[in-house]
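Here is a guided walk through a protein structure, meant to be read with the model open beside the text.

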Amino acid sequence: MTLFRVCLTSLLVLVVACGDSNPAETPDAGQTRPDASVETPDSGNPLPDAGAEDPDAGSETPDSGTETPDSGTETPDAGTETPDSGTETPDAGSETPDAGGPTDVNVIDNGGFEQWPGALPALWSGSTSNIEEVQKVTTQAFEGVNAARLINASSTHRRFSTVAKSMPAGRYSCTYRARGTGDVRNAWFGTDYSSYSAYTSVNTQMWTQVAYNFNLANAVFDTFELIFSVRNTSGENLLIDNVRCVRTPEPCDQVSCEAWARCDNATVTCQPLSGRCDDATDCNEWQACDATHTCVTAQDRCTRHADCAGTPQTPVCDTSTHLCVEGDPCAGVTCSNPATSCNPTTGVCELAEGACFTTYDCRGALPACDPATRRCVAADHSANIIRNGGFESWSTRSIPYYGNNYLPDSWYGLDNGIADPGSEIKPSRLVRYTNAVHGGSAALQFVVPIQVAERFTLEKFNVPTGNYSCSYRVRGHGSIRHRSYSSGGWSPQTDFITVDSDEWQPVFFRFTGNVRDWRLFFYPSRSVADRDHLQVDDVVCTKD
C-alpha cells in the first residue's frame, strides 16, 4: 500500500508540473475518471493542492479508491479473523492431547475388531485362548463396523485373549463395551496368570460399558496378553467391542535411571534395586558396593563357611556377626545320603569323591553311575545298558554291499529303511583306534572328511521302564551329533557339536525307557586329519 501511494504521489507531482508549463490544460484531464471526479474542486487551485496536497493527493487515491482497499482492508482483517478462528480449531483440538497427555493412547491393538482377515480377528486369540467359538458381528457394532461374539454356554469359563506383546510397567485403566447374555471377567498373563476380576453378568441388548484396572509392577517383554474369561452365554451370546486400555502417566516416565536402579514415583529419583547400590550406605554393614553397583560381602566378612576358607585358623562363619571365627564347619552336620559327605571347607553335604546320583555326576575317568552303589564305574560295568559302549570288542563280519569288514560288536545296526532306519555310513570309515582312549584299550575312530553326515547306529534292543542318563566322550577334529529312535519314535534332533581338541569332551543326554527297538545314532562329518579325525569312546546309559 505504501508503494502504491508513493507511485501515485509521484504521478500527481508530474501532472501538476505539466499543468504549470501549460496552464490551459485541465490538470486532471489525464487522471482516471474517479480521480477527475474527486479532484474537480481542487482543479481551480492546483498549485497549493499540487504542492500541499501531495501526501493528501497521494493518500486520497487510496482513500478514494480506498473505500475498496479500506473495505478490502477490512477483508484481510476479517480474513485474519478466519485464520484466528481457524487457529481456534487446532487450539480446541490440542485440548485433547493436553487433557489426556501423550500417554492417553490405547495399548490394545485392533481393540475395535475392525481388522478381521480370516476366521479370527487380527492380533487376538493369543496363546492363553481356549474358547472354541468366536464369530464376527457386522451389524449394530458399538463403533466401526465389526464386533466380536464370544460363545461358551458352559459354566466352565473359557479364555479369549490378545496376542502376546511387550508392556511397560505401570497402572492401566481398561474399558470395553458388552451386550447380549453371559458372564465376563478379566485378567492378564505375563510369565503367569494374574488374579481374575469379579464376573460381570450381562443381560441386555444395549451396549454396556465394563471397566477393568490392573497394575504391572514390572515391564513384561513379549508375553503380555489381556484375557477375557467368559461363561454361561446364551441367546445372542456375549458381544464385545471397543476394547481400550490406557496407561496412567507417572512422574518417572520422564526419568532415565541406570540399569542397577529404578525411578521412585514418590520422590521422582533413581533408587538402587534390591541388592544393588550407589555406594556402601545402600548395603548391609557387612557388605561393600563393588564397581558393578552390587552389594557384595566385604573383605574379612562372610555369609557362609566357604568365605572363611582363606583363614584356616578361623574356618567358621558366624552368621550373626558375619565374621570368621574358630571352629569346625562340619560340627553337627549329618549327611543322610550315603553318596554324600560333609565338605570340611563349606560345611555342606556334597557328593563324596567318586560318588554319584546319576551318570551326569561322573565326569572323570569313570563315566557311568552304578545306581546300586551310587559310585562312578567304568563303561564295561553291568549298570551300563549300552553293549560294548567302550568299543573294546571288534570282529569281522559281512555287511550287505560292502563285504567283510572289521567292526565294533553290537554296533552297525542293519535294519535299514525309512520306517526302521539303520547304519548308512561306509564300514571303511570306522576304525579301531588305540593311540588315545578315554577308557579301556580302544576307541572308535570316524574317518569322514565329507560335508554330509552319515548315520551310524547301535544294534536295537528293548529298554525297561525308567529314566536314563547317558553320556559319551569325543575328541579330535570334526562335527558330530546324536539322536535315538525306538517304538516311541525319534528323540529331538540335537545340534552338531564342533570338535577341535585332543582332550576328551563329555556329551550328556537323557531319555525315558519302556520302549522297544531302541538304538542310538551318531552323525559324524567334516573330520580333519590334523587330530586323527574324530574319535568316540565310553558310550554309557544308566538308570537313574
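This is a predicted model: local features need pLDDT of at least 70, side-chain atom pairs count only at pLDDT 80 or more; totals for chains, interfaces and linings use all residues.

A disulfide here is a pair of cysteine sulfur atoms within 2.5 Å. Residues are numbered from 1 along each chain as its sequence is written, and side-chain values use heavy atoms, with hydrogens and water left out.

First, the overall picture. The protein contains five helices and 29 strands; helices (H or I, at least four residues) and strands (E, at least two) are DSSP runs, numbered from the N terminus. Of its 544 residues, 40% are buried, where buried means under 20% relative accessible area, exposed means over 50%, and partly exposed lies in between (1.4 Å probe, protein chains only). Take the contacts between residues at least 6 apart in sequence: 62% of them join residues at least 24 apart, a contact being heavy atoms within 4.5 Å.

Now to the cysteines. The structure has 12 disulfides, and three of them are worth a visit. In the disulfide of Cys-356 and Cys-369, the sulfurs lie 2.0 Å apart, and the torsion of 85 degrees about the S-S bond makes the link right-handed. Cys-356 sits in the loop between strand S16 (349-351) and strand S17 (368-370), and Cys-369 is in strand S17, so the bond ties together parts that are 13 residues apart in sequence. How accessible is Cys-356? Cys-356 has a relative accessible area of 0% and is therefore buried. Cys-369 is buried too, because its relative accessibility is 1%.

The disulfide between Cys-257 and Cys-270, with an S to S distance of 2.0 Å, is left-handed, because its S-S torsion is about -90 degrees. Distant parts of the chain are linked by this pair: Cys-257 is in the loop between S8 and strand S9 (261-264), whereas Cys-270 belongs to strand S10 (residues 269-272), 13 residues apart. Cys-257 counts as partly exposed because its relative accessibility is 28%, and Cys-270, at 34%, is partly exposed as well.

Next come Cys-308 and Cys-324, joined by a disulfide with 2.1 Å from S to S. Their link is left-handed, with -90 degrees about the S-S bond. Cys-308 lies in the loop between strand S12 (295-297) and strand S13 (316-318), and Cys-324 in strand S14 (residues 323-325), so that distant parts of the chain, 16 residues apart, are linked. With a relative accessible area of 1%, Cys-308 is buried.

Let us turn to strand S2, which spans residues 147-151 and has five of its five residues buried. In a regular strand the side chains alternate between the two faces of the sheet. In S2, Ala-147, Arg-149 and Ile-151 point one way, Ala-148 and Leu-150 point the other way, and all are buried. Which strands does S2 pair with? Two strands pair if DSSP finds at least two bridges between them. Strand S1 (residues 133-137) pairs with S2 in the antiparallel sense over five bridges, and Glu-133 stands opposite Ile-151. S2 also runs antiparallel to strand S8 (residues 238-247), with three bridges between them; here Arg-149 faces Leu-239 of S8.Finally, consider the spaces. Rolling a probe the size of a water molecule over the atoms shows where empty space is left. On a 1 Å grid over the protein atoms alone, a cavity is a set of points where a 1.4 Å probe fits but cannot get out, and a pocket is an open set with protein on both sides within 12 Å along at least five of seven lines; lining residues have an atom within 4 Å of a point. Grid points are joined across faces, edges and corners, and a volume is the space filled by probe spheres set on the points.

The largest pocket holds about 480 Å³ of space. It is lined by 20 residues, of which Ala-169, Arg-247, Glu-250, Arg-262 and Cys-263 are the closest to its centre. Strand S5 (170-189), strand S6 (200-216) and S9 each give two or more residues to this lining.
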